[in-house]
Amino acid sequence: MASRPVFIPDLDGQALVRTQTLDFRWFAGLSLSQKQKSVTALHQAAHAIPGINKVLEVSTKSTEPLGAALSAFNLCFAHSVLGHSLSVECAFQGSKVFKQGGPFTDIYAMSSREAKRDERLRVSGRLTGFDFANVQWPLEPQTAFYDWLYISALKHRADLADQLSEYSAFTDIEFSPQKSINCQAYSVALFVSLQQRNHLEQATESPAAFLRYLGSRPVISARQDDLSQGRLF
């Protein structure tokens, strides 16, 4: 048995996303087929939640093309300052700032797999924050920077975003809260919640607007531009 969270967009309540942790049968092994069996078992458990009909696995292990395309490894965006496209994964990893180095912006031009495995991310000391497009983010709230990157990228992929209304919950079979903080399935659920509430444009206008909308007030600073100008595109 294993436990994984299921992320449910909340379209009415104070919380934007509800998280419910479920126990399900785990199929051991590293092969794609084993991972997908575990996904199926998790989704079967999720269907017991009232109001949950169709569940989407958001990862490269998804059995659905949409779920694989929404993986942070595959979801790409074009940045006007950088002059090229990059994946959400590369943007996130390359923007990390450590006590002894970073951001390592050459990671932006790598493949997602290369970015994830870059040795500097493990030998540069304690993570102290993020720096992307001259906007500095602190570590708190913990998932704010990742969620903003992901949601801002997805907002410009209508071909993917328009299909999300078919789903009532989202999972990532590789995500374990005991080992990780950021989760692409959570980011998708947050996107759907903002979109369905008609608050997506307002919330993603700038990093400052995103944090205000989420009700957080951490100190974030821009080296050159005001936060109100710190758009992703």
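Modeller: Quick ground rule first: rings of Phe, Tyr and Trp (its six-membered ring) pair if their centres lie within 6.5 Å, with planes under 30 degrees apart called stacked, over 60 edge-to-face and the rest tilted. This is a predicted model, where local features need pLDDT of at least 70, side-chain atom pairs need pLDDT 80 or more, and totals for chains, interfaces and linings take in all residues. Numbering runs from 1 along each chain as its sequence is written, and side-chain values use heavy atoms, leaving out hydrogens and water.

Biologist: How many aromatic pairs does the structure hold?

Modeller: It holds 14.

Biologist: Why is Gln93 called buried?

Modeller: Buried means under 20% relative accessible area (exposed is over 50%, partly exposed in between; 1.4 Å probe, protein chains only). Gln93 has 4%, so it counts as buried.

Biologist: How do you know that the side chain of Gln93 makes a polar contact with that of Glu89?

Modeller: A polar contact is a pair of N or O atoms within 3.5 Å; within protein, one must be able to donate a hydrogen and the other to accept it, and residues adjacent in sequence count only through side-chain atoms on both sides. Gln93 and Glu89 come in at 2.8 Å, and the side chains of Gln93 and Lys96 are joined at 2.9 Å.
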